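Welcome, and thanks for taking a look at this one. Here is a short briefing to read alongside the sequence and the coordinates.

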Amino acid sequence: MNALLKVRGLGHRYGRRVGCEEVSFDLYPGELLCIVGESGSGKSTLLNTLAAQLAPTAGSLRYRQRNDAWLDVGELNEADRRRLAREEWGFVTQNPRDGLRLSVSAGANVAERLMARGERHYGRLRGIACGWLERVEIDPARVDDMPADFSGGMQQRLQIARALVTHPRLVFMDEPTAGLDVSVQARILDLLRRLVHELDLAAVMVTHDLAVARLLAARTMVMQGGRVVETGLTDQILDDPQHPYTQLLVSSVLTT
Ligand SMILES: Nc1ncnc2c1ncn2[C@@H]1O[C@H](COP(=O)(O)OP(=O)(O)OP(=O)(O)O)[C@@H](O)[C@H]1O
């Protein structure tokens, strides 16, 4: 199978400070990859660099488009980067308020990316929005409600619908369940697992929670100090960690 993303020696520096460096991997269609590591290890910097929200300061990032042509993402201008993010990718932020438009209704939040792609038929947009609300387990009768009237878990599910409505091929998620109650988290993780499977999505997800990686990701990448220290099948990494830092991460979870 052909990779979707090819990452080689990728890095981002904030001035002289290293955010992440020397990251290399391939991501395949339908694959969910988790990036784990402690606070400050470079997970968000890497995710934002992969999602073209931060410019790489080293290495290369190539993406295979729908027509199979490879795109050098680091070389794109701002307009092309936005088009790529809008038309082929999705992004789910940790705090749904950062990923939603709070001044418009739930339905408009879901329909917005379709409108940006040129869909103008009101009835069709509303129908698709209601369908997606149902899919993320929000009562479609609430299509005209504002996001602020939703609970945190509902807002996160709404953000997921907004990100997935255009059937992106690749989705980036930054700690999508952090900060939510455990029962709410479980429901969202279940939903994500189902949608990733149904839509055959490729996804890169940042989490500090190894249980989340275990539940969702076939492959996991462990970061420390901006670098990847271990990568492999999630079960293997969690059951038989090789790098001392991963051993520490796994054992600290087991003892807490
Ligand atoms: N905007 C910024 N300006 C300067 N340095 C930054 C900036 N953002 C992150 N860094 C630095 O880059 C390194 C990696 O940070 P990053 O936020 O990517 O880690 P993280 O693993 O995502 O942490 P957390 O789990 O706390 O979000 C840290 O040393 C951090 O101080």
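## Sheets, ligand shell and domains

Let us begin with a pair of strands: strand E1 (residues 5-14) and strand E4 (residues 58-64) run antiparallel and are joined by five bridges. Everything here is read from a predicted model, which scores ipTM 0.97 and pTM 0.93.

- Tyr14 has Arg17 in E2 as its bridge partner.
- Two residues lie between the strands in the hairpin of E1 and E2, and Gly15 takes a positive phi near 60° there.
- Taken together, the sheet is open, with four strands in the order E2-E1-E4-E5 and antiparallel pairing.
- Strand E2 (17-27) and strand E5 (70-72) are the edge strands, each pairing on one side only.
- From one strand to the next, the twist averages 25°.

**The six-stranded sheet**

- Six strands make up another open sheet, in the order E6-E7-E8-E3-E9-E10, and here the pairing is mixed.
- Its edges are strand E6 (89-92) and strand E10 (227-233), each of which pairs on one side only.
- Neighbouring strands of this sheet are turned by 15° against each other on average, direction ignored.
- A parallel pairing is found between strand E3 (residues 32-36) and strand E8 (residues 202-206), over four bridges.
- Leu33 has its bridge partner in E8, namely Val204.
- H1 packs on this sheet too, touching E3, strand E7 (170-174), E8 and strand E9 (219-224); the direction of H1 makes about 150° with that of E8.

**The ligand shell**

- Which residues surround the ligand? They are Tyr14, Arg17, Gly19, Gly37, Ser39, Gly40, Ser41, Gly42, Lys43, Ser44, Thr45 and His208.
- E2 and H1 each supply at least two residues of the shell.
- H1 provides the largest share, three residues.
- Sorted by class, the shell has nine polar, two charged and one nonpolar residue.

**The two domains**

- The domain assignment gives domain 1 in two segments (5-88 + 168-255), with domain 2 covering 103-167.
- A distance of 25 Å separates the C-alpha centres of domain 1 and domain 2.
- At the boundary, 12 residues of domain 1 are in contact with 14 residues of domain 2.
- On the side of domain 1 that touches domain 2, helix H2 (78-87) and helix H7 (182-198) each supply at least two residues.
- H7 gives the most to that side, with five residues.
- By class, the residues of that side of domain 1 are nine nonpolar and three charged, with no polar ones.

**Confidence**

- The mean pLDDT of the protein is 93, and 99% of its residues reach 70 or more.
- Where is confidence lowest, and where is it highest? The lowest is in helix H10 (residues 244-255), at a mean of 82, and the highest is in E1, at 98.

Notes
Residues numbered from 1 in each chain as written. Predicted model: local features only at pLDDT ≥ 70, side-chain atom pairs only at ≥ 80, totals over all residues. Pairing = 2+ DSSP bridges. Axes fitted to C-alpha atoms, helices over the stretch in contact; angles between N-to-C directions. Near = placed C-beta within 6 Å. Nonpolar A, V, L, I, M, F, W, Y, C, P; charged D, E, K, R; others polar. Domains from an automatic or database assignment. Contact = placed C-beta atoms within 7 Å. pLDDT = per-residue confidence, 0-100.
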